Amino acid sequence: MKIGVVTFPGSNSDVDSLNALRVAGVEAVTLWHESPDLGGVSAVILPGGFAYGDYIRAGVIARFSPVMGGIKDFATAGGHVLGICNGFQVLAESGLVPGALLRNRSLRFAGRLVYIKPERLDSPFTHAATGEPLRVPVAHGEGCYYADDATLDQLERDGQVLFRYVHEDAKVASDPDDPANPNGSLRAIAGVCNSAGNVAGLMPHPERMAEEIMGNDGGMQVIRSLVESAAAWEAAGRPIAAAKKTVGVSR
Amino acid sequence: MSEFRYAVNVVPKPGILDPQGRAVELSLPHLNVSTVSRVRVGRRVELTVVANGEPEARAVVDGLAKELLSNPLIEVYAIDLLEATSSAVSAGAAPR
């Protein structure tokens, strides 16, 4: 089994993502943005960076790259796709996850450590998490999660909110001006998934906190969740994800 | 065939927080301006389309505005025709 990491022109966290996957013990390969062929990978990470310079809006030009055609088909077929930071912006612009990422409320680039907490532990991207707050870095200028109220209500109702910004004591940073909420995201949303549950995006960088050498390997909980979900998906014969149902390993 | 030059003006949807607009508003007191409000900061894209007529050209721009130049979840756009020129399509005619 191998997991692919897309390299767009301007990606800068692709190597961190490849490294985190290798630390997790899985073969990790680069997927070049100009080819729609995913080479038989069992899951895909869209990494952080500034794909195509983030011109017009972060993620929108990447949306039209050949590799995204392959990823759309892969996601429709039930494959797991995780978008991190710029990868989340690409997924949102592509309509593969709901909502949009606006300019940070502060107008400042947010580059620091934050706490996020998984909202549920039965998703393909969080089932290996402990449920405690994870200390992970953010590095973005456009990470303010936005969707209209009706959509936010629906996402909460259907369990599509995967991560929220929290304080160290796990209290949710629901006020957009709370310093624990680095970008002013509505309802402190740091990560969401699609209705089928197999495509997820989050702004913080778990792959950059995935080794003890970093002083904290909490991010590995997210990476390991993805790796185990990909393995389970392969073992089950690549089942197509059903809307409103997750294909994660519950525990 | 004719050439049509357009401007596509994209601004944040009404009701969506626009931190850039807010930053501009906060700077106004420094300029001793007290009569300006509701600042919205967007982007303007100018482009030229070759088409058989204005409706055909506008349809192309409208498609681009929806798909690429704006995100309908968070932005609205308006298309302005700036200039229309008929260009001779004959051998040797240099594109502008």
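Trainee: What pattern does chain B follow, read along the sequence?
Mentor: Along its sequence, chain B follows the pattern β-α-β-α-β. Please keep in mind that this is a predicted model.

Trainee: And how many helices and strands is that for chain B?
Mentor: Chain B has two helices and three strands.

Trainee: In what order do the three strands sit in the sheet?
Mentor: The sheet of chain B is open, and its strand order is β2-β1-β3. The pairing in this sheet is antiparallel.

Trainee: Which strands stand at the edges?
Mentor: Those are β2 (43–51) and β3 (75–86) of chain B. Each has a single partner strand, so one side of each is left without a neighbour in the sheet. On average, neighbouring strands of this sheet are turned by 20° against each other, with direction ignored.

Trainee: What do strands of a sheet pair through?
Mentor: They pair through backbone hydrogen bonds, and the pairing may be parallel or antiparallel.

Trainee: How many bridges join β1 to β2 in chain B?
Mentor: Nine bridges join β1(B), residues 2–12, to β2(B), and the two strands run antiparallel. As a place to look, find B:Tyr6, which stands opposite B:Leu47 in β2(B).

Trainee: Let me turn to B:Arg58. Where is it found?
Mentor: B:Arg58 lies in helix α2 of chain B, which covers residues 54–69.

Trainee: Why does B:Arg58 count as partly exposed?
Mentor: B:Arg58 has 17 C-beta neighbours inside 10 Å, and therefore counts as partly exposed. A residue needs 20 or more to be buried and 12 or fewer to be exposed.

Trainee: How far apart are B:Arg58 and B:Arg5 in sequence and in space?
Mentor: They are separated by 53 residues in sequence, while their C-alpha atoms are 9.8 Å apart in space. For chain B in general, consider the contacts with a separation of 6 or more: 71% of them are between residues 24 or more positions apart.

Trainee: What share of chain B counts as buried?
Mentor: Of its 96 residues, 14% count as buried.

Trainee: Now chain A. Is its strand β1 largely enclosed or open?
Mentor: Strand β1 of chain A, residues 2–7, is largely enclosed by the rest of the structure, because five of its six residues are buried.

Trainee: Which strands does β1(A) pair with?
Mentor: One partner is β2(A), residues 27–32, paired in the parallel sense over six bridges. Within that pairing, A:Lys2 stands opposite A:Glu27. Strand β1(A) also pairs in the parallel sense with β3(A), residues 43–46, over three bridges. There, A:Gly4 has A:Val44 as its bridge partner.

Trainee: What unit do β1(A), helix α1 and β2(A) make?
Mentor: Together they make a right-handed β-α-β unit, with helix α1 of chain A spanning residues 14–23.

Trainee: How many residues of the two chains are in contact?
Mentor: 10 residues of chain B are in contact with 10 residues of chain A. On the side of chain B that touches chain A, the elements giving two or more residues are α1 and α2 of chain B. The largest share, three residues, comes from α1(B). By type, the residues on this side are eight nonpolar, two polar and no charged.

Trainee: Finally, what scores does the predictor give the complex?
Mentor: The complex has an ipTM of 0.83 and a pTM of 0.91. Chain B averages a pLDDT of 91, and 90% of its residues score at least 70. Among the elements of chain B, the lowest mean pLDDT, 94, belongs to helix α1 (residues 19–27), and the highest, 98, to β2(B).

Terms used: Residues numbered from 1 in each chain as written. Chains lettered and ligands numbered in written order. Predicted model: local features only at pLDDT ≥ 70, side-chain atom pairs only at ≥ 80, totals over all residues. Helix = DSSP H or I, 4+ residues; strand = E, 2+ residues; numbered from the N terminus. Pairing = 2+ DSSP bridges. Right-handed = clockwise from strand over helix to strand, strands pointing away. Contact = placed C-beta atoms within 7 Å. Axes fitted to C-alpha atoms, helices over the stretch in contact; angles between N-to-C directions. pLDDT = per-residue confidence, 0-100. Nonpolar A, V, L, I, M, F, W, Y, C, P; charged D, E, K, R; others polar.
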